[in-house]
Amino acid sequence: MRVVVLTGAGISAESGVPTFRDADGLWEGHQVEEVATPEGYDLQPTMVQRFYDDRRAALAHVQPNPAHLALARLEQVLGDDFLVVTQNIDDLHERGGSTRVLHMHGELLSALCRGCRQRMRWEQDLVDFPPCPRCGVAELRPDVVWFGEVPYEMDRIAFALERCDLFVSIGTSGAVYPAAGFVQAATTYGARTLELNLLPSEGASHFAESRQGLAGTLVPQWVAQLLGEGPS
Ligand code: BV8
């Protein structure tokens, strides 16, 4: 069985990573246009760099939760028939043991050089505009996909959606495209679809089945059920 899982901020919420649109959402205090668009960055580069520097530094204080661990266990069983597509820019899937992860909105622990377009692993602050190790130009920005920019790995994602038997969306509000449209694509290609979310997402009606609850509880239950260990 081929399974594609899409994750959003909700899967990292129980690890202590703030989500975007919940009450204490990350965007509070910041308009999306200020911090998650190229225009916002050009207008206030230092403020945007600090916004991402703070989130990069915060990674040291959070741990994967049972939902991340359950997906890593499912990958161990399904191997190449399993893929996680995440909108998240944290590294909790990897630290939870997942290796087959596509970060379609980029990653906090990566920097992108606006000079030579090189992407590179980056763990420090960017607010002091360090020079690019490759081209020497001091134009390193967060390697994240802002609104209006093209998400990463869209070809590999489309290919996986075409072939999957089951598409599961975990912890996302379904507010951002193209990720929010993946469920319709998977349905068109004949996949079963399941949503695991605290509240019904904006796209809940597109899923054959939608379960509400905490990812840390629902995801291990679903994985055990899929592996034939839990109640069917
Ligand atoms: C693109 C940056 C072209 C990094 C982010 C009009 C109509 C349709 C589309 C558009 C439109 N106008 C503009 C667009 C396109 C635009 C878009 O979608 N806008 C929206 C606002 C309408 N999209 C783009 O610009 C994208 N690019 O379209 O390029 C293209 C398209 C296809 C192919 C080629 C080219 C680029 C979008 C990327 C934007 N960058 N982040 C960063 O700072 O993180 S988006 C940002 O929102 C994050 O990446 C985040 O992941 C994403 C989605 O949020 P969620 O992950 O869903 O988080 P949220 O807080 O919203 O929801 C959390 C959910 O979890 C909730 O439902 C909650 O109930 C639940 N939850 C909470 N706790 C738990 C839980 N669930 C379970 N357990 C819990 N404990």
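Let me begin with Val127, which sits in the loop that runs between strand 5 (119–121) and strand 6 (140–144). Please keep in mind throughout that what we are looking at is a predicted model.

Is Val127 buried or exposed? Its relative accessibility is 16%, and because buried means under 20% relative accessible area, Val127 counts as buried. If we set aside the neighbours within four places in sequence, the residues in contact with Val127 are Thr46, Gln49, Arg50 and Asp53. For a sense of distance, Ala180 is 53 residues away from Val127 along the chain, and the C-alpha atoms of these two residues are separated by 32 Å.

Asp53 is itself buried, with a relative accessible area of 3%, and its side chain reaches the backbone nitrogen of Val127 at 3.0 Å. Again not counting residues up to four places away in sequence, Asp53 touches Gln124, Asp125 and Leu126 as well as Val127.

Stepping back to the whole chain, the domain assignment gives domain 1, made of 1–17 + 64–105 + 151–232, and domain 2, made of 18–61 + 109–144. The centres of the two domains, taken over C-alpha atoms, are 25 Å apart, and where the domains meet, 14 residues of domain 1 are in contact with 12 residues of domain 2.

Which backbone atoms lie by the oxygen and nitrogen atoms of the ligand? For Phe20, a backbone N or O atom lies 2.8 Å from an oxygen atom of the ligand, while for Gly171 a backbone N or O atom is found 3.3 Å from an oxygen atom of the ligand. On the nitrogen side, a polar backbone atom of Glu149 is 2.8 Å from a nitrogen atom of the ligand. As for how much of the ligand is covered, taken alone it exposes 1,500 Å², and the protein buries 76% of that.

Note on methods:
Residues numbered from 1 in each chain as written. Predicted model: local features only at pLDDT ≥ 70, side-chain atom pairs only at ≥ 80, totals over all residues. Heavy atoms only, no water. Polar contact = N/O pair within 3.5 Å; in protein donor to acceptor, adjacent residues only side chain to side chain. Areas by Shrake-Rupley, 256 points an atom, 1.4 Å probe, with all protein chains shown as cover. Helix = DSSP H or I, 4+ residues; strand = E, 2+ residues; numbered from the N terminus. Buried < 20%, exposed > 50% of the residue type's maximum accessible area, 1.4 Å probe, protein only. Contact = heavy atoms within 4.5 Å. Domains from an automatic or database assignment.
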